[in-house]
Amino acid sequence: MTPSPTAPLRLHVPEPTGRPGCSTDFSYLAISPAGAVRRPPTDTPAADTADLATSLVRVLDDEGRAVGPWAPSIHPERLRRGLRAMMKTRIFDARMLMAQRKKKLSFYMQCLGEEAIAVAHAQALAEGDMCFPTYRQQGLLLSRDDIPMSELICQLMSNEGDPLKGRQLPVMYSYKRAGFFSISGNLATQVIQAVGWAMASAIKGDTKIASAWIGDGATAEADFHTALTFAHVYRAPVIINVVNNQWAISTFQSIAGGEGTTFAQRGVGVGVASLRVDGNDFLAVYAASRWAAERARTNHGPTLIEWETYRAGPHSTSDDPSKYRPQDDWQRFPLGDPIARLKQHLIAIGEWTEEQHAAAQKSLEAEVLAAEKEAERHGSLLDGRVPSAAAMFEGVYKDMPEHLRRQRQQMGV
């Protein structure tokens, strides 16, 4: 019997819903009404979070009111501190972008539009917890009072004051005292490292948890899936943060598997409790982070959180997003601006004013400018005042091996 003819096979190649000259259709982004998503107890089984991996946890409504079961009990002063930290992060980013254009540093990556995720998450963690970040979580550091901005800028400028002595690319900070693990340029490695760190904390009987960060594009890396398996099997006390800012350089999030499903659903599929959260809603970020941290700290296992946000700026100073997406995308992104939304909420509850906001903006701009000037006292790429070549031999071994000693002598440093 002759088989009936069939159509030729073909591959499906996902495409973004907007390109330059064509406004993005954001209808692909499933958005739940503020306050509509249930908040289960922190000991809920992972399988029972399936609906939370497809809906969107939101607290702030269009009028800036905090509504629904996820609305956290948080003192207004903490909210004001969070707003200032987000403002400071945005101002810092803008200054460093200008410094790069002036050739004072070689490279920079902003977190414009994503500030709420790192800043609010930092408030939900405890001292001693360890973050394994990517290069857009500078808010974890800038929200703290014990990390001088000038020190961060020295690292960016790779100058004589660089605490890492030129051993890392700019923006790849490392602060053990702040629970900020060394950033890696290799995608997804930090997630499996975080799971391992969390397992070690549990093995030691400690009380500290880990928080891992990864972008939507990097979830296509094998390390991400391996990390999920280990986190599930051993119930590692870890939070796995997937920052879905819609673009991985010039590649839309659907190429990594975000079309027709969510990244949060990957967690449920392997037995990890999962949430999908409005990453531009400071209160929702704080509430979801607290929920996941409590779950980890009470031995109920890991949580994967997909943060929906938008990368408002270029991928880096080497990127021109106008080549692959509409220039007005961020202004049209349906989840808005995280700073504007928290500002609106604080004004609505009588804890902030336009005058206070303007004063804070001016004060923070002066603070960042002063830190930049302080860092430049140690040099920048313009004057070549970089760490000595001797630094590459120091702090590597407790006792320097003889062959390295000879190499250092040969260099005359």
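The largest pocket of this predicted model has a volume of about 430 Å³. A pocket is defined on a 1 Å grid over the protein atoms alone, as an open set of points where a 1.4 Å probe fits, with protein on both sides within 12 Å along at least five of seven lines. Grid points are joined across faces, edges and corners, and the volume is the space filled by probe spheres set on the points. The lining (residues with an atom within 4 Å of a point) comprises 21 residues, of which Ala122, Gln123, Leu125, Leu140 and Arg144 lie nearest the centre of the pocket. At least two lining residues come from each of H1, helix H2 (115-124) and helix H3 (139-142). Helices (H or I, at least four residues) and strands (E, at least two) are DSSP runs numbered from the N terminus. By class, the lining has 10 nonpolar, four polar and seven charged residues; Ala, Val, Leu, Ile, Met, Phe, Trp, Tyr, Cys and Pro count as nonpolar, Asp, Glu, Lys and Arg as charged, and the others, Gly among them, as polar.

The second largest pocket has a volume of about 360 Å³. Its lining is formed by 22 residues, with Tyr135, Leu187, Gly215, Ala218 and His315 nearest the centre. Strand S2 (210-215) and strand S4 (247-248) are the elements that give two or more residues to this lining. Nine nonpolar, nine polar and four charged residues make up the lining of the second largest pocket.

Helix H1 (residues 76-101), which contributes to the largest pocket, also packs against helix H11 (residues 354-376), their axes coming within 9 Å and crossing at roughly 45°. Axes are lines fitted to C-alpha atoms, for helices over the stretch in contact, and angles run from 0 to 180 degrees between N-to-C directions. H1 and H11 are therefore oblique to each other (angles under 35 degrees count as roughly parallel, over 145 as roughly antiparallel, 65 to 115 as roughly perpendicular and the rest as oblique). In contact (heavy atoms within 4.5 Å) are Leu83, Arg84, Met87, Lys88, Ile91, Phe92, Arg95, Met96 and Ala99 of H1 with His357, Ala360, Gln361, Leu364, Glu365, Glu367, Val368, Leu369 and Glu372 of H11. These residues divide into 10 nonpolar, two polar and six charged.

The axes of H1 and helix H4 (residues 149-157) come within 12 Å and cross at roughly 35°, in a right-handed sense. Lys88, Phe92 and Met96 of H1 meet Met149, Leu152, Ile153 and Leu156 of H4.

Helix H5 (residues 189-203) and helix H6 (residues 222-234) pack at an angle of about 20° with axes 7 Å apart, and are therefore roughly parallel. H5 passes H6 in a left-handed crossing.

Residues are numbered from 1 along each chain as its sequence is written. Local features of the predicted model need pLDDT of at least 70 and side-chain atom pairs count only at pLDDT 80 or more, while totals for chains, interfaces and linings use all residues, and side-chain values use heavy atoms, leaving out hydrogens and water.

Note on methods: Left-handed = near helix turned anticlockwise from the far one by under 90°.
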